[in-house]
Amino acid sequence: MEKEKISNAEISNLGVTDLELLITFSRVANGLLKHNVMDKPQILANLEALIDDPMPYALKKGGKFKNLAEKVIELRKEGKFVKQQRSVHELKKEIANFPVYGIENIETGALAQMRTAIQLPIAVAGALMPDSHHGYGLPIGGVLATRADTIIPYAVGVDIACRMCLSIFDLPADTIDSKQDDLKSLLINNTHFGIGSETKSHHDTTLFDRPEWSATKQIRALKDKAYKQLGTSGTGNHFVEWGELTVSEGALAGVPAGNYLALLSHSGSRGFGGGIAAYYSEMAMKKTKLPQEAKHLAWLDMNAEEGQEYWIAMNLAGDYASANHHEIHNKIAKAMKLEPLLRIENHHNFAWKEQLADGTEVMVHRKGATPAGEGVLGIIPGSMSTPGFVVRGKGNAESINSASHGAGRLMSRSAAFKTIKRDLVVAELLDKKITLLGSDLDEAPMVYKNIHTVMAAQHDLVDVLAKFQPRIVRMADPKERPED
């Protein structure tokens, strides 16, 4: 099998035309590739960044590109290999209209970020959900459709494929009160939270038999971590909780009207997704130069190697996130010796190839937004003390077939610790009969918008089929605090 190489043509495309310099670049690049120091897209991205500004590479002690950077600096002092002006993708001058749901409760920072996103030269359409708040690049609750041959890692999010999963059991809702200790034990024994949390026993590991785990160097490097973290949850707003599910007549196929015991979880692709997001977000920002205010919205070309790599990794992270939830739900169901009547789940940090109403093929990025195509089931949670909802999408073209992914934060984590009184949280949980295992003030109910206001703002986007009231909530321990 022929060894992968970085061709002279690929290096010349970066602006290296002098033969002697071309040979030097090729020797360094292919040496790194041969010894598996970096993969091909990463090497090319670094070479491009080095040509643009060699000084950071020259100053890095022991850096793989140090000698090459020093050579470039030396040549430029001699007036050779003059720095070329890097083309910066300009934003569109006019800001296209986009719908904003619940605008009266959306902070100006999120609106500003969405306005910037819709000005990208690759942007086709956008929408802002009623739970929106400020994020990196695309705001949380932002939906952005771009050209079908582009994908924006930061518009997918750092926690790729963060998702919801609900299991409905054929047990009355008051089981939460009559069997509270048993249900608490099931959560404690079958859930694991924290940045580096791992599990030692698995229910089903067949996902790791798939060939995609060998597709790229980055995936291969993260496979062991992914295996160890299968069936675990992160920090922040990730949770696994028991609650009372109220289902109306005819709302859910196979589930008669009534009040049920249900298990709801929220988490994503753990360290695997985080590693993929960090690697390809950095690469996108090196490959696609944008004005400062839009730099986190850098995209990858789906026709290029790095775009295809990210696409494979993102979709694998999606299946992995689903498997994480299934591990938790299946372990608990097995311990109960009871199969759920129905399981409902959905991503809300992902990108999908879809068509707009006029037939235009696009890449739809939903960062903290729930897919709400016609007839599509989803889950929109509230807070630890307020209800969540099982919904069915209406297929609203204006919202790009999307809805909110939750209530949305009112304040940052640091602000929560400064302003929220612990006794008020305790009183709220007592009033709502909530048993809380873990968590801290940064996830208090008061840090979130009113879920009923959020749902009212998107009545044109989804129909509510069932209401979930949390009762026993398991989250990461207080010491496990994510950064704002």
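Predicted model: local features only at pLDDT ≥ 70, side-chain atom pairs only at ≥ 80, totals over all residues.

Reader: What makes α10 roughly antiparallel to α11?

Author: The axes of α10 (residues 217-229) and α11 (residues 270-287) cross at roughly 155 degrees and come within 7 Å. Angles over 145 degrees count as roughly antiparallel, so α10 is roughly antiparallel to α11.

Reader: Which residues of α10 make the contact?

Author: Contact means heavy atoms within 4.5 Å. On α10, the residues are Gln-218, Ile-219, Leu-222, Lys-225, Ala-226 and Gln-229. The α11 side includes Phe-272, Ile-276 and Tyr-279.

Reader: Why is Arg-163 called buried?

Author: Buried means under 20% relative accessible area (1.4 Å probe, protein chains only). Arg-163 has 6%, so Arg-163 is buried. Arg-163 sits in strand β4 (residues 163-172). Not counting residues up to four places away in sequence, Arg-163 touches Ser-265, Glu-345 and His-348, among others.

Reader: What is the relative accessibility of Ala-161, and is Ala-161 buried or exposed?

Author: The value is 0%, so Ala-161 counts as buried. Ala-161 lies in the loop between α7 (153-156) and β4. Its phi is near 65 degrees, a positive value in a residue other than glycine.

Reader: Why does Ile-400 count as buried?

Author: Ile-400 has 4% relative accessibility, so Ile-400 counts as buried. The loop between β13 (388-393) and β14 (402-404) holds Ile-400.

Methods. Residues numbered from 1 in each chain as written. Heavy atoms only, no water. Axes fitted to C-alpha atoms, helices over the stretch in contact; angles between N-to-C directions. Helix = DSSP H or I, 4+ residues; strand = E, 2+ residues; numbered from the N terminus. Parallel < 35°, antiparallel > 145°, perpendicular 65-115°, else oblique. Buried < 20%, exposed > 50% of the residue type's maximum accessible area, 1.4 Å probe, protein only.
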